[in-house]
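Please examine the structure shown below.

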Amino acid sequence: MSGLDLTLKIWRQKSSVDNGGFETYDVKGLNSHMSFLEMMDVLNEQLVTQNKEPVAFDHDCREGICGMCSMVINGRPHGPLKGTTTCQLHMRHFNNGDIITIEPWRAKAFPVIKDLVVDRSSFDRIIQSGGYISVNTGSAPDGNAIPIPKDIAEEAFDAAACIGCGACVATCKNASASLFVSAKVSQLSLLPQGQPERKERVNKMVAQMDSEGFGHCTNTGACEVECPKEISIEYIRKMNLDYNVNNIKS
Amino acid sequence: MILDSKIPDGPLESKWTKYKSTVPLVSPANKRKLEIIVVGTGLAGASAASSLAEMGYQVKSFCFQDSPRRAHSIAAQGGINAAKNYQNDGDSVYRLFYDTIKGGDYRSREANVYRLAEVSASIIDQCVAQGVPFAREYGGTLDNRSFGGVQVSRTFYARGQTGQQLLLGAYSALSRQISKGNVKMYNRHEMVDIVKIDGKARGVIVRNLLTGEFNRHFGHAVVLATGGYGNVYYLSTNAMGSNVTAAWKAYKKGAAFSNPCFTQIHPTCIPVSGEYQSKLTLMSESLRNDGRIWVPKKKGDNRSPNEIPEEERDYYLERRYPAFGNLVPRDVASRAAKERCDEGYGVGETGLAVYLDFENAINRLGKDIVSARYGNLFAMYDKITGDDPYSTPMRIFPAVHYTMGGLWVDYDLMTTVPGLYAIGECNFSDHGANRLGASALMQGLADGYFVLPYTIGKYLSQDIRTTPIKTDHEAFVEAENDAKERNKKLLNNNGNRSVESFHRDLGKIVWDYCGMSRNESSLVTAIEDIKQLREKFWKDVKVLGDEKSYNPELDKAGRVADFFELGELMMRDALERNESCGGHFREEYQTKEGEALRDDEEYTFASTWEFKGVNHPPILHKEDLDFKTVHPTQRSYK
Ligand SMILES: Cc1cc2nc3c(=O)[nH]c(=O)nc-3n(C[C@H](O)[C@H](O)[C@H](O)COP(=O)(O)OP(=O)(O)OC[C@H]3O[C@@H](n4cnc5c(N)ncnc54)[C@H](O)[C@@H]3O)c2cc1C
Ligand code: FES
């Protein structure tokens, strides 16, 4: 197996108040079966032996589902592969001698904490503002009491597949969170269980999104392209429709 | 230490109903004054925190990820069991109970398991009401699939992302309580110790991972929902951050730890591809519903799989277990794969893999149906390995997946420390020596939504007069100082080896000696090996960065330090249990055909360990398991 030699230009930033800047590192002899994050592990072990502080980055499941990993690779959130999180990207998609730039998500609502780690708690606050169905434990009717057509269930699932990573925000020139918000809004407004709070939900979530400092959606569609779960921009249209109907009436 | 399981009297079927209707209640006015700490926001923790808050308690919730939604439960793929009998195939509470007891190889507690089966149906109702998009039939009703080790279809699923959808449901309930101010959420906080006052759990010390600050939190009760410890093996299907620290600190503060050596090795994972490997990826067990497992009949046959004709393939599970075939339980399937590979029939570069083949299924059902069922798993496999499972069989190998062992709890889910509860994967309660597929999600949500909220009232109803204890109490100060000391020691160690390299070496020892098979002499050696490596760790480990800012290396070092101590306890536990049962296979105890040989006379108990100091052997206590309803027989899947 031929080893892969790479030059990495990585954003290093000590803390949220530090200015930060790029540092360049060489890594050599990598196996092309490695994942991108395993490549980062190799770099970090190398840094430890050189008495340099390892690069901080978020990750946990390494299976593309927790939404924790978040790197902008050569200018693209989660790198070059369609429908793929950083942790699921493998080195076989890079060539010997490549120079790879690695940066954190950049958005006003996602301040950098350290190196490649950002604060995405604004997403949690959006969900807290109304991204749920109000049902207390123990008060639910039988699961089959409300039949839901298969296609509706499937469509709700497609929206629910969002992993909350924030790539949509990172790639949007306005740093809008519309794809994230609309995915949750649509999942719940497609389902019969979600109807009672439908109006209120979209209003509250949109208001929270705005107050967190996310920008407005101008329909460029970049979010859909970079979303590792390929969530459709159609949900933004659906959300806007719900929102407008509410606010024209009232 | 006295182990009182507090199982209610009366017939098995009415224990829980009677308990619920007679358990003391806490009045709404008093609930508002009672504070509960819930550590962990996986299925168990998020469901418990939200339910307790809905009931009126004041809840504080902690997780080490940047959001509660990212707990390891998010990664569960296959599904969740429930005795709904929607398929009219003969399922019932009793059958789910029976399958779980049998699947656990008769090493779990009847009363707890029965209750689990009993509440399972409500879980599905609750999740549907939250908007969890489960798979549906064309008529709009809920769909089911069957899962390894059972003969009914009782598994509910949401494509291959059931854990994600269930967790997002629980997270939404939690978010609602956070917005109402009933739960105070602490993300990126790690619990580093339990605080005990007058013998009771009264709080925790947590570290803010971003600032390095230590904080003290009081609680009338403390609930641990901190997940499993599979990462002691270094390589496992668990998320990278999964760790034993919270449970381990509890153990060191007097909570007994049961059956640490009962670990589950999942048969269908993507094989290791090199030294750099950081984790292993599970390929859902549901694949065994349609995939067939085989190896070449000829040793060292290195033709490509498609060139090996049908009659030269050994479908060894179908051969050895005609009744269950490819659907035998996990422990049986894993050992059978190991047996073939040990004998030299393994495939792939390392010889440590077997084939999981969909050719028959594609011919029988068509590519579209196979893709509808498993498309996302096939894509994931392709992404990781670069191979296309539609045209060439997958290569799979067993990997560490789940830990049945954990903190000992009684029927109330309370540990041996009064006021300290353990729920979800971090307790030992329901799965005995082996867990059935799709039952961990069920247990986590059962504990959190439907069991703990009742049982905790029994304890708290006696505690309504306790006013919050100030956190300048010496017990808090002492616990915080201990934690600080430990971090200082790690940071000032000036060693020469990375934390990662120590973890990798520890994992190799635990995998080699306490993995798919174990034997006396190697366990004895392993105990010494681990001790030596632990000493080296404390002498040579190098942790860079400082304690006042975000420092993932430091966090990891603390977790690995605890894994060392746990690893040693696992070896002791495995050494002490002179029988083979479930995930614990002792080479000395097997039948002529190589099947596990249980010893019910001597070992029908939960091995429960009491901590006596890092350099002192722990004390073993036995909780005898009394089978009144099910009669243990040899598990046969033939
Ligand atoms: C790949 C994979 C697939 C699976 N598929 C299935 C399946 O299909 N069906 C099934 O039934 N089971 C499945 N399982 C098992 C199941 O997912 C787990 O057993 C279950 O989700 C555990 O839930 P939990 O709530 O107990 O813990 P976890 O989800 O692990 O949550 C632990 C929580 O504790 C927190 N925590 C831990 N330590 C600390 C600390 N010291 N301080 C603060 N917080 C802490 C974490 O932040 C996290 O929030 C699967 C497991 C894996 C690995
Ligand atoms: S680490 Fe979980 S999605 Fe990448």
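## Strands at the sheet edge

B:Glu610 has B:Ile619 as its bridge partner in strand 19 of chain B. Strand 18 (residues 605–610) of chain B pairs with strand 19 of chain B in the antiparallel sense over six bridges; two strands pair if DSSP finds at least two bridges between them. Helices (H or I, at least four residues) and strands (E, at least two) are DSSP runs, numbered from the N terminus.

These strands of chain B belong to an open sheet of four strands, in the order 16-10-18-19, with antiparallel pairing. Strand 16 (406–407) and strand 19 (619–624) of chain B each have a single partner strand, so one side of each is left without a neighbour in the sheet.

## Basis of the model

The model is predicted: local features need pLDDT of at least 70 and side-chain atom pairs count only at pLDDT 80 or more, while totals for chains, interfaces and linings use all residues. Residues are numbered from 1 along each chain as its sequence is written, chains are lettered from A and ligands numbered from 1 in the order in which they are written, and side-chain values use heavy atoms, with hydrogens and water left out.

## Strand 9 and its partners

Strand 9 (residues 221–224) of chain B pairs in the parallel sense with strand 1 (residues 35–39) of chain B, over four bridges. Within this pairing, B:Val38 has B:Val223 as its bridge partner. Strand 9 of chain B also runs parallel to strand 17 (residues 420–422) of chain B, joined by three bridges, and B:Val222 stands opposite B:Leu420.

B:Ala221 and B:Val223 point one way from strand 9 of chain B, whereas B:Val222 and B:Leu224 point the other way. All are buried, that is, under 20% relative accessible area with a 1.4 Å probe, protein chains only.

## The interface of chains B and A

In contact (heavy atoms within 4.5 Å) are 77 residues of chain B and 74 residues of chain A. The two chains bury about 6200 Å² between them, 51% of it on carbon and sulfur atoms. Buried area is the accessible area (1.4 Å probe) that two parts lose on being put together, summed over both. B:Arg70, B:Tyr276 and B:Lys383 supply 12% of the area that chain B buries against chain A, more than any other three residues.

Seven salt bridges are found across this interface, each a side-chain nitrogen of Lys or Arg within 4 Å of a carboxyl oxygen of Asp or Glu. A salt bridge joins the side chains of B:Arg159 and A:Glu154 (2.8 Å, N to O). Helix 6 of chain B gives the most to the side of chain B that touches chain A, with nine residues.

How values were computed
Buried < 20%, exposed > 50% of the residue type's maximum accessible area, 1.4 Å probe, protein only.
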